[in-house]
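Subject: Structure handover and notes

Dear colleague,

I am passing on the structure we spoke of, with my notes below it. Please read them with the coordinates open beside you.

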Amino acid sequence: MTHKLLLSVTDPHANNAGPKARTDIEHFLADECEICQLPFDYESKLKKLKYKYWDIPRLFKQRKVDEIYFQYPVYSTVLMDALVASIKQNTTAKLIFIIHDIESLRLFKEQAGYAQKEIEWLNQADGLVVHSQAMQDYLRNQGVTTPMEILGLFDYLNPQPLQGPQPYRRSLCFAGNLMKSQFLSQVDFGGKLPLQVYGPNPLDDLSADVSYEGVYTPEELPQHLTANFGLVWDGSRTDTCDGDFGEYMQYNCPHKVSLYISSGLPVVVWEKAAVAKYLVENGLGIAVASLDELPGRLAQFSLEDYEAMKARVAQVATGLRSGQQIKSALERLHTRLK
């Protein structure tokens, strides 16, 4: 029987159990993988040396493992180098990166040296699970030759019931860290579309169409989402998504898409987002160039249209709640690497 190991690096200083996307993958793969959490103190140089020369080599020496699924990235070049080197030296396992972010497209896109390092790491893997076709194309253009499979959407462990019947008011909700969602002070729907927002750090100058509804844990939040659509947008403007995180949407699959769909909500998304094509083609949402289009677009959207879309969302939600996306992507990759 194939022995699979799922490796996640955790921050011992964090107050929570870790980012939800990563902990959800651990949950969904727990039946088929040995879960290995490696605590890593990013702040201590002495501990980094201990990890590099003692903890990491011991982790893999004399361990019988056929496949290692690694939740990427880790925000330490020392740790990444040590992990990859130790896996290659001490095991014959296939190394597969489950990619959460490509940081040369986001936080470190101005650092040419980091991009080159990232390409080296990705080329040392035997397989990659990437978010989208756009992310795969970018990595190919950068020189990544490793086989890739596309995830499409993140799975989402959602303990709440699917959203029940709601009044159809063409209402919207938005969840996230509101500090970086400056567009919320610019939104102008002329009172036609209510927008409920959830999350920490709300802006002081939210627009008149926006109501702040508080902050909840990821487990609690879905039961509070009573709007008709979930909004996926980023940046400071309503006519486009801008800034590092807004531009990154052209490549990634935002985790909040999965929050909305797993809760039973159709999605409104920027038309240039990588996930837009998937959502529109599967009838799970609508894509717009600008938020200013929304009052007109949704006015043309009948109750029958909405209910048909919501029924399709409910079908996909069942798969997301059971880990179908990551399991399918890994199975396709496993078949290619045999």
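I begin with T146, which, once its neighbours within four places in sequence are left aside, is in contact with L122, N123, A125, D126, G127, L128 and R140. Please keep in mind throughout that this is a predicted model. T146 sits in the loop that runs between α5 (133-142) and β6, and a polar atom of its side chain lies 2.7 Å from the backbone oxygen of L122. Is T146 buried or exposed? Its relative accessible area is 3%, and because anything under 20% counts as buried, T146 falls in the buried class.

Not counting residues up to four places away in sequence, S258 touches L153, F154, Y156 and L320.

Turning to the sheet, 6 strands form an open arrangement in the order β2-β1-β3-β4-β5-β6, with parallel pairing. The edges are taken by β2 (34-39) and β6 (148-150), each of which pairs on one side only, and neighbouring strands are turned against each other by 20 degrees on average, direction ignored. Within this sheet, β1 (residues 4-10) pairs with β2 in the parallel sense over 6 bridges, and L5 stands opposite E34 in β2.

Helix α4 (residues 112-124) lies across β3 (67-72), β4 (94-99) and β5 (127-130), and its direction runs at about 130 degrees to β4. Helix α11 (residues 324-337) packs on the sheet as well, where it touches β3, β4, β5 and β6 and makes an angle of about 155 degrees with the direction of β6.

Helix α3 (residues 77-90) packs with α4 at an angle of about 20 degrees, with their axes 11 Å apart. Which class does this angle give? Angles under 35 degrees count as roughly parallel, and therefore α3 is roughly parallel to α4. The crossing in which α3 passes α4 is left-handed, and the contact is made by T77, M80, D81, V84 and K88 of α3 together with K117, W121 and Q124 of α4.

Some backbone details remain. Most residues other than glycine have a negative phi, and most peptide bonds are trans. Against that background, the peptide bond that joins Y72 and P73 is cis, with omega at about 10 degrees, and P73 is found in the loop between β3 and α3.

A positive phi, near 55 degrees, occurs at R170, a residue other than glycine, whose place is in the loop between β6 and β7 (172-175). R170 is partly exposed, its relative accessible area being 23%. N201, likewise a residue other than glycine, has a positive phi near 60 degrees and lies in the loop between β8 (195-198) and β9 (210-212). With a relative accessible area of 36%, N201 is partly exposed.

Conventions
Residues numbered from 1 in each chain as written. Predicted model: local features only at pLDDT ≥ 70, side-chain atom pairs only at ≥ 80, totals over all residues. Heavy atoms only, no water. Pairing = 2+ DSSP bridges. Helix = DSSP H or I, 4+ residues; strand = E, 2+ residues; numbered from the N terminus. Axes fitted to C-alpha atoms, helices over the stretch in contact; angles between N-to-C directions. Contact = heavy atoms within 4.5 Å. Buried < 20%, exposed > 50% of the residue type's maximum accessible area, 1.4 Å probe, protein only. Polar contact = N/O pair within 3.5 Å; in protein donor to acceptor, adjacent residues only side chain to side chain. Parallel < 35°, antiparallel > 145°, perpendicular 65-115°, else oblique. Left-handed = near helix turned anticlockwise from the far one by under 90°.
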